[in-house]
Each structure stands twice: as structure tokens, then as C-alpha cells.
Amino acid sequence: MIEIDPVKCVGCGACVRICPPKALTIEVNEKETILKYFIGRCIFCWMCVQTCPQKAIKTTNKFELSAVDVHELQMELVHNTVKCRVCGKPFITSKFVKEVGRRLNGGFKDDLLYVCPTCRRKLTAKKIATKVTGVE
Amino acid sequence: MVSDIIETLASVARGSRSKSILTKVGEVCGDKLLKVERVSPSTIKVLIKADCLHEVAEVLSAERDVYFRTMAASDERPAENLFKLYYVFGIDSEGTNIVVEVPTDGEREVPSISDVVKACDWYELEAHDLMGVKFSGRFLKRLVLPDDWPEEIHPLRKDITTEEIKKLYQPQVVKRAVELGVEEIVKIPIGPYHPALHEPEYFELYVRGEKVVDARYVGFMVHRGIEKLAESMKYDQVPFLAERICGICGFVHSVSYTQAVEEALNIEVPEKTQYIRTIILELERIHSHLLWIGVALHLLGYDTGFMHAWRIREKVMVLSELLTGSRKTYGINLVGGVRKDINKEKIEKTKQTLKQVLNEYKEFVDVATSVPQVRRRLSGTGVLPGGEARAYSLVGPTARGSGLSRDVRKDYTYGAYHFVSFSIPTYSEGDNLARTLVRIDEVYESINIIEQLLDTIPSSSEIKVDSWEPQPMKLGLGNVEAPRGEVIHVVITGKYGPYRWRVRAPTYQNLQAVPTMLRGVDLADAPITIASIDPCFSCTDRAIKINIKTGKVEFIPLEVLSRGGVR
């Protein structure tokens with residue numbers, strides 16, 4: 001089975017997108033972003049380990065995975081969700097936003113960083129329009 | 001206009017054989033031939049109108065070195081408002097594929113070619129079931145879908161999603177439970193299983209005295225809808241799904257899939273990748289043949305042989321674990337490369353193990369094949385003449401046991417097979433013994449191939465292309481000689497994953513000939529005859545979910561199956 005380091009993981013969802021058997025899933029709600037790992041579906045292919053940009057996923061030698069209750073096979077990692085400053089929709093985790101900010105080295109200001117992709121597009125378009133036409 | 005096309009035909013041809021065959025095709029079609037193009041070095045695509053399909057099939061099936069490989073139906077209504085059928089014919093002597101593309105609007109009937117191309121029977125039924133294509137001039141019945149599936153729903157069409165299919169069809173367990181008035185029902189599916197192969201199958205044998213007069217096969221009990229599932233997945237997720245088509249020879253499917261995508265998108269794979277894939281493929285063949293030899297001997301009542309075969313096989317399994325990390329479903333294949341390298345240390349270890357395996361195998365096979373009971377029960381039973389084998393377009397050891405030296409590794413070479421020399425064991429008797437001996441000899445060849453490859457494997461560490469760009473609507477074919485025969489995948493690429501993925505496992509082709517083999521054998525020899533094609537039912541069904549209906553279980557005559565068992 002795999003082990004996810006809760007400190008390193010930022011909840012970006014790269015592992016979820018690559019997982020062939022869909023053993024890793026992500027659920028975004030108002031407050032939390034939950035990364036779920038269901039061992040019952042895992043095929044131990046280590047695609048997530050190779051993909052993780054944060055190197056947060058480790059392989060282990062644990063293989064005696066039988067359980068009486070199916071819920072014992074489910075592991076969850078809970079992150080805080082950030083809401084878009086413009087439309088108020090929850091979009092990614094707070095750790096992910098901080099990581100992006102860190103990697104961009106301050107190239108992105110907070111007012112854009114905390115905005116969801118749709119609103120960001122609108123904001124940028126507006127900015128350009130303002131620059132060109134001079135009208136708000 | 002027509003002369004133009006005939007000229008193009010000659011220019012796209014690969015060699016003299018394909019030239020003469022294509023010219024004949026051009027002549028019978030006339031102006032119904034719309035377009036000819038070379039889609040890859042070994043594949044020529046011919047677009048024709050449905051009206052002349054039957055004539056084309058007649059021309060192609062009359063050639064001795066041409067055989068029918070696969071047919072894929074694809075729903076291309078989103079792009080062109082048409083359904084398309086791709087018939088793949090192979091010219092053995094040249095290694096060229098001729099893809100006959102037939103567009104249809106889904107309403108008009110396409111002429112059936114199963115009267116001239118016997119092997120096409122199931123393909124047409126499947127296209128009718130899953131895609132809703134209508135064929136004229138033949139009897140159409142359900143093949144893949146369960147009997148109570150709604151008439152107008154065709155699951156592989158693009159306008160229905162996997163989620164909708166799940167909602168639509170719930171196995172009738174609940175309804176049955178209500179009928180019986182029980183609160184909770186436990187499903188105990190009994191049969192249909194082969195007495196030794198532990199896979200779902202159902203053969204109805206018609207017996208006079210001790211002799212089998214006729215046989216009927218009912219299959220597709222485990223259609224899982226893998227092709228539909230893959231259409232919702234990304235390119236690099238599909239190899240892992242493909243590997244799970246078969247529990248014994250899964251790697252062949254992942255290689256076949258990746259090769260098809262690579263051909264469609266023109267991806268050059270590093271040489272070392274080819275070497276690694278080929279080594280693992282051959283390793284898989286050794287383990288699969290050892291497994292089969294064991295099971296065959298068990299069916300003949302020679303259990304000592306069974307145990308020894310599996311003892312030797314275990315070494316191969318440990319070796320697979322060393323090279324790939326897993327005993328089965330290796331999971332090392334991706335489009336454009338492999339994930340695990342083979343280093344010097346592993347090469348040495350592999351060579352050592354293979355030497356041991358070879359010695360033990362030789363000793364074991366010499367004893368096993370000289371046991372008089374084994375020989376007498378194998379020789380002269382389940383005879384399949386070469387002509388029948390050709391007519392059914394059979395593949396793999398089944399064809400080679402009937403004197404057809406058809407082997408994809410040589411005819412349509414792929415991977416690193418062109419770097420090694422090996423022979424193709426062929427026997428012409430066509431009985432169970434011939435098919436057994438083909439497999440026994442092939443293990444020696446495989447060990448030989450792996451040793452040659454290990455000696456010449458490139459030392460570079462480049463095993464994967466860095467990146468590649470998907471392009472939509474490109475056609476690619478990928479073929480691999482699996483332990484059971486040729487596997488061929490047709491991939492039509494999409495934006496993020498395959499748009500259409502057609503899998504054709506060897507048993508799909510070979511199973512249609514089993515009733516012929518069964519005619520005239522003693523009842524006691526029926527199980528070994530069925531097993532002699534090394535059937536892989538789940539591969540054929542490609543697809544457990546839908547089909548176990550409690551209502552039906554009681555009709556399956558258990559005794560029919562047990563009678564066929566080992567006594």
C-alpha cells in the first residue's frame with residue numbers, strides 16, 4: 001500500500017487524475033478538501049508515487065491488507081478549502097495556494113492567487129480591457 | 001476517375017503481393033472505391049461503399065495468404081455523422097494489413113460477409129449488439145448482451161455514458177427476490193465453469209453413445225464492458241486496464257495497446273524499451289505454456305506432471321517479480337516506454353534462472369511426453385484439418401498444430417524480434433498432440449530468444465520517450481503473438497484518451513473452430529479437446545457484473561458439465 005505524508009501533501013489532485021483504478025479520489029466541499037485512498041481498489045502500480053509533485057507519497061511493503069470492516073480499507077486526508085474571493089465558490093486547498101505562491105516566488109499577487117480560474121480569467125480580461133480603453 | 005484510384009492503389013502498395021491484391025480489389029469495386037491511403041508503413045486503408053463490401057471480401061478470402069484479423073465498429077457520429085466499420089485483413093507473406101473502411105449511417109443494412117469469411121460471424125453479431133449496426137443476408141441474434149437487455153440500447157454508442165448504462169441495467173436479483181418473497185437473497189452462481197480451467201464457459205455436447213456428434217458454445221458470460229470503460233480513461237491509464245483483460249497473458253494486451261497508440265501517433269520508442277517489452281513477453285509465454293501443459297496433463301489424469309510443470313513455472317514467476325516488481329499484471333508499460341529498467345545484475349540473475357529452468361524443463365518434458373497414456377489420449381483426438389484452420393482464420397498454436405506456420409512475431413514483426421533468430425514449431429497432424437508439441441517446443445524457443453536478447457540488450461538507460469502529443473482520429477493497429485495466438489488491438493485516438501479501442505483476443509478467433517474439433521471425439525476426450533486451444537474465456541468476453549441472473553441458473557444443467565469432467 002502507499003502512505004501519504006500529510007505534511008508534504010498539498011492536495012493538488014495530480015495522483016487522483018493519474019490513478020488507473022480510481023483508488024484515489026478527491027472530494028471538495030465548502031470547508032474541506034478530502035483526499036481518499038481506498039486500498040480495496042489499489043493495484044499497487046505506484047503511478048501516484050511517480051507523479052506526485054511534492055514527493056508526498058511513499059511506497060511501503062505492507063501487503064497483509066485484509067480487514068473485517070470495509071471502512072478499515074479507506075484512508076482520508078483532510079485539507080482546508082479556500083473560497084474564491086470573487087464568487088465565493090470553494091476551489092482548492094489553502095496549502096495548494098500557498099505552495100503555488102511559494103513556487104511563483106511572489107510573481108502572483110494574493111488578489112489573483114485566491115481567485116478561482118474562471119474569475120481569474122474575467123479579472124485579467126477586465127484589466128487588459130481597462131489598460132487598452134482606459135475605461136473601467 | 002477509376003484509373004486514378006487504381007494508380008494510387010499501385011503507389012501505396014508495399015510489395016508485389018499487396019499490389020496485385022489491391023488491383024483486384026480496385027477492379028471489383030470500380031467507382032465504389034472512394035479512397036486509398038497508407039496510414040502507416042505496414043497498414044493500407046481502403047475506403048469503399050458498403051454495396052461492394054461482399055465482393056471485396058470474396059476477393060480477399062480467395063487469396064491463400066490473406067486472412068481475416070479483426071473488425072472494429074466505431075461510432076463516429078460526433079465528427080462525421082456516420083458509423084464506420086474497419087475490417088482488418090492481413091497479408092501473411094508480406095506482413096501488410098489491409099484495412100477496409102466501410103461507412104454506414106446506422107439505418108441502412110451492411111451486407112454480411114460471414115458466408116465467405118467464416119471468422120467474421122461473431123464480429124458482426126458483436127457490432128450489431130454493441131453498436132447497433134444492421135447486417136443483411138444473415139441471421140442476427142444476441143451474442144454479447146444478456147437476453148433481457150433493452151432492444152434499442154447499444155452500449156458502445158457515444159450517446160450513452162457508463163453511468164447511464166449502470167443505472168439502466170441492474171441484474172434481476174432484486175426482482176427475483178421480491179418474486180420469491182425473501183427479504184435477503186444470497187446469490188450462489190453454479191456453473192458454467194470448465195472443470196479444470198476455472199473460467200465461465202458453456203458447451204452443449206450432443207452425444208450418440210460415447211461419440212460427440214455436435215457441439216454448441218454459449219459464451220460472453222463475463223462481458224465487463226472494458227472497451228467502453230477505456231473510452232473514459234486517459235492514455236496512460238489504459239495499459240493497466242488492458243493488462244487486466246487476461247489473468248494469464250495480460251502483458252500482451254498492454255503491449256498491443258501501446259503499440260497501436262504509438263503507430264497511430266507516430267511515436268518512436270527507444271530500442272531498449274523494445275528489448276524489455278520483448279523479454280517480458282517471452283517470459284510470459286514460458287509461464288503460460290507451463291501452466292497450460294500442467295493443466296492439460298491434469299485433464300489427462302497425470303497429476304504428477306501437473307505438479308512438476310507448476311513447480312518449474314514458479315521459478316519463472318519469481319523471475320518476473322525480479323524484472324518487473326510483480327508476479328503478474330506487471331504494470332510497467334506506458335505509451336512511449338516502460339517504467340522499469342533491466343540492469344546488469346538482473347541480466348545475470350535472469351540468465352542463471354533460465355539455465356535452471358531449461359534443464360528442469362527438458363527433463364520433465366522428456367518424461368511427460370513419453371508416458372504412454374498421455375500420448376495415446378492426445379494423438380488422433382480433436383483433429384482440425386489445415387483447410388478448416390485456414391477457413392476460420394485461426395491463430396497461434398492452434399493454427400500451427402494444423403500446419404499453418406502463422407506467427408505474428410515473424411509475419412508482422414514488432415518489438416525486438418527482428419534482432420533475434422528463432423524458428424516457429426509447426427506440426428501438420430492437427431490433433432491434440434500436435435497442439436501440445438507446438439507449445440512444448442515454443443518454450444525452448446522462448447528461452448533461446450530471451451538469452452539472445454539479454455546478450456545484445458543496449459546499455460543505454462533511455463527507456464521512455466519524454467513527451468508526445470495526442471492527435472484526434474488517427475487509426476493504429478497493434479499486434480502481439482500471445483501464448484494463445486495473435487492479439488490485435490485497433491485504436492482510434494481521441495483528445496485525451498482512446499476514442500475507440502477494439503480488443504481482439506486469440507480465443508475469440510479460435511473458439512469458433514472448437515465445435516469442428518469436437519465432432520467425432522469420445523466424450524471423455526472432450527475436455528482436453530476444448531482445453532487444447534488454451535481458451536481464455538474472459539479475454540474473449542473482455543469483459544462479472546451484468547450477467548449472473550438467478551433466474552437463469554436453474555436452467556443450466558450441471559450434470560452436463562460434470563459429465564465432461566475428468567473421470
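Tutor: Start at B:Val100. Beyond its neighbours within four places in sequence, B:Val100 is in contact with B:Val46, B:Ile48, B:Val56, B:Tyr87 and B:Phe89. Contact means that two C-beta atoms, placed from the backbone, lie within 7 Å. The model is predicted: local features need pLDDT of at least 70, side-chain atom pairs count only at pLDDT 80 or more, and totals for chains, interfaces and linings use all residues. Residues are numbered from 1 along each chain as its sequence is written, while chains are lettered from A and ligands numbered from 1 in the order in which they are written.

Now widen the view. The largest nonpolar core has 179 residues, and B:Val100 is among the members that touch the most others, with B:Val46, B:Val56, B:Leu85, B:Val88, B:Phe89 and B:Ala296. Such a core is a set of buried Ala, Val, Leu, Ile, Met, Phe, Trp, Tyr and Cys residues joined through C-beta atoms within 7 Å. Buried means 20 or more other C-beta atoms within 10 Å of a residue's own; exposed means 12 or fewer, and partly exposed lies in between. Helix H11 (residues 271-299) of chain B gives this core its largest share, 15 residues. Domain 1 (2-114) and domain 2 (239-521) of chain B each supply at least three residues. Those bounds come from an automatic or database assignment. Nonpolar side chains tend to be buried together in soluble globular proteins.

Next, a strand. Helices (H or I, at least four residues) and strands (E, at least two) are DSSP runs, numbered from the N terminus. Strand E3 (residues 66-76) of chain B is largely enclosed by the rest of the structure, because ten of its eleven residues are buried. E3(B) runs antiparallel to strand E4 (residues 82-91) of chain B, joined by ten bridges. Strands pair if DSSP finds at least two bridges between them. B:Ala73 has B:Leu85 of E4(B) as its bridge partner.

An unreviewed UniProt entry lists B:Cys246, B:Cys249 and B:Cys536 under "binding site". They are spread over 291 residues of sequence, yet their largest C-alpha distance is 9.3 Å. B:Cys246 sits in the loop between helix H9 (238-243) and helix H10 (250-265) of chain B. B:Cys249 lies in the loop between H9 and H10 of chain B. B:Cys246 is buried because 28 other C-beta atoms lie within 10 Å. B:Cys249 has 26 such neighbours, so it also counts as buried. Apart from neighbours within four places in sequence, B:Cys249 is in contact with B:Glu284, B:Ser288, B:Ala482, B:Pro483 and B:Arg484.

Conventions:
UniProt positions are given in the numbering used here, feature names are shortened, and annotations may be inferred rather than shown by experiment.
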